[in-house]
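Dear colleague,

Here is the structure I said I would pass on. My notes on it follow below.

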Amino acid sequence: MRLIDSRNMGRGKHGWLDSHFHFSFAEYYNPDNMQFGVLRVLNDDTVAPGTGFGPHAHADMEILSYVIDGELTHADSMGNERTLTRGQVQYMSAGTGVRHSEYNHGKKLLRFLQIWILPDRKGYAPQYGDHRFAFTERVNNWLPIATGVQNSQSTAPIKIHADINAYATSVSQGQHMEFSVSSGRQAYLVMIEGQATINGTRVSMRDAVEIVEENIFIHPESTAHMLIIEMAKA
């Protein structure tokens, strides 16, 4: 297991936007930190009220947005316009090309995770979808969020064009959780809120851990809200 300390992550500060970059992105470039398996981008973005990302283009990328706090309003060139709140998730397969915007039209700070995953091939038709998970669904439980379109065994409602499984959980203090990472697989875990001891290492808010072919044992020191993305070993 390898700890990724949030204090050492790339940063982007633009007044209206404060970003923590888990991997090389925008003004942060590190050739030794480009991706983890098919996970190419994971940005922890805090957006001021009345601001956001104007219309811009994407292609050949599977994109998940996980709302932590506030309101995220998405609009795209396919005619979709949706507003999501805490614990809800949107999915966009950029495929052959799509334009979209993401704004905070609310009255308080918006915090969300922007996640880009490399597709299993290029040229898919663009798609959009979202799911309004109740936050309670992940309390002391691994809530399946997203999986590959070929995985008929998963109950995750979001299907993407990549061999991954994404789960969220919020583990209460005094409880514990386990997660199995089997042979030939690896996982990236993000501590969204709170802190926990994971395989003997303290992991705090915004930190992450890389896990390869190793079972995960989580013991919260406070309520620990986490996201994990499991995938084939690179």
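**The largest pocket**

Strand β1 (residues 2–4) gives the largest share of the lining of the largest pocket, with three residues. Please keep in mind throughout that this is a predicted model. The volume of the largest pocket is about 240 Å³. Its lining is made up of 17 residues, and those nearest the centre of the pocket are Arg2, Ile4, His22, Tyr28 and Asn33. Sorted by class, the lining of the largest pocket comes to seven nonpolar, six polar and four charged residues.

One cavity of 30 Å³ or more is present in the structure.

Strand β13 covers residues 143–148 and runs antiparallel to β15, to which four bridges join it. In this part of the model, Pro144 has Tyr167 of β15 opposite it.

Strand β15 itself spans residues 164–171, and seven of its eight residues are buried, so that the strand is mostly covered. β15 also pairs with strand β22 (residues 224–232), again in the antiparallel sense, over eight bridges. Here Val171 stands opposite Ala224 of β22.

β22 in turn is joined to β17 by eight bridges, and these two strands run antiparallel. Glu193 has His225 in β22 as its bridge partner. How many residues of strand β17 (residues 185–193) are buried? The count is nine of the nine, and β17 is therefore largely enclosed by the rest of the structure.

β17 has a further antiparallel partner in strand β20 (residues 208–212), with five bridges between them. Opposite Leu189 stands Val209 of β20.

Asp44 is part of strand β4, which covers residues 39–47. Is this residue buried or exposed? Its relative accessibility is 2%, and because buried means under 20%, Asp44 counts as buried. Which side chain makes a polar contact with that of Asp44? The partner is the side chain of Arg111, at 2.7 Å. With neighbours within four places in sequence left aside, the residues in contact with Asp44 are Asp18, Ser19, His20, Arg111, Phe112, Leu113 and Arg206.

Arg206, one of the residues in contact with Asp44, sits in the loop between β19 (201–203) and β20. Arg206 is buried as well, at a relative accessible area of 17%. Its phi is near 75°, a positive value in a residue other than glycine.

**Two further loop residues**

Ala26 also has a positive phi, of about 50°, although it is not a glycine. It belongs to the loop between β3 (17–21) and β4. At 59% relative accessibility, Ala26 counts as exposed, because the cut-off for exposed is over 50%.

Val139 lies in the loop between β12 (127–131) and β13. Is Val139 buried, exposed or partly exposed? With a relative accessibility of 35%, it counts as partly exposed. When residues up to four places away in sequence are not counted, Val139 touches Ser170 and Ser172. Val139 and Glu62 are 77 residues apart in sequence, and their C-alpha atoms are 27 Å apart in space.

**To have in view when you open the model**

- Asp44 with Arg111, whose side chains make the polar contact at 2.7 Å.
- The largest pocket, with Arg2, Ile4, His22, Tyr28 and Asn33 nearest its centre.

Regards

Conventions: Residues numbered from 1 in each chain as written. Predicted model: local features only at pLDDT ≥ 70, side-chain atom pairs only at ≥ 80, totals over all residues. Heavy atoms only, no water. Buried < 20%, exposed > 50% of the residue type's maximum accessible area, 1.4 Å probe, protein only. Polar contact = N/O pair within 3.5 Å; in protein donor to acceptor, adjacent residues only side chain to side chain. Contact = heavy atoms within 4.5 Å. 1 Å grid on protein atoms, 1.4 Å probe; cavity = no way out; pocket = protein on both sides within 12 Å on 5 of 7 lines; lining within 4 Å. Points joined across faces, edges and corners; volume = space filled by probe spheres on them. Pairing = 2+ DSSP bridges. Nonpolar A, V, L, I, M, F, W, Y, C, P; charged D, E, K, R; others polar.
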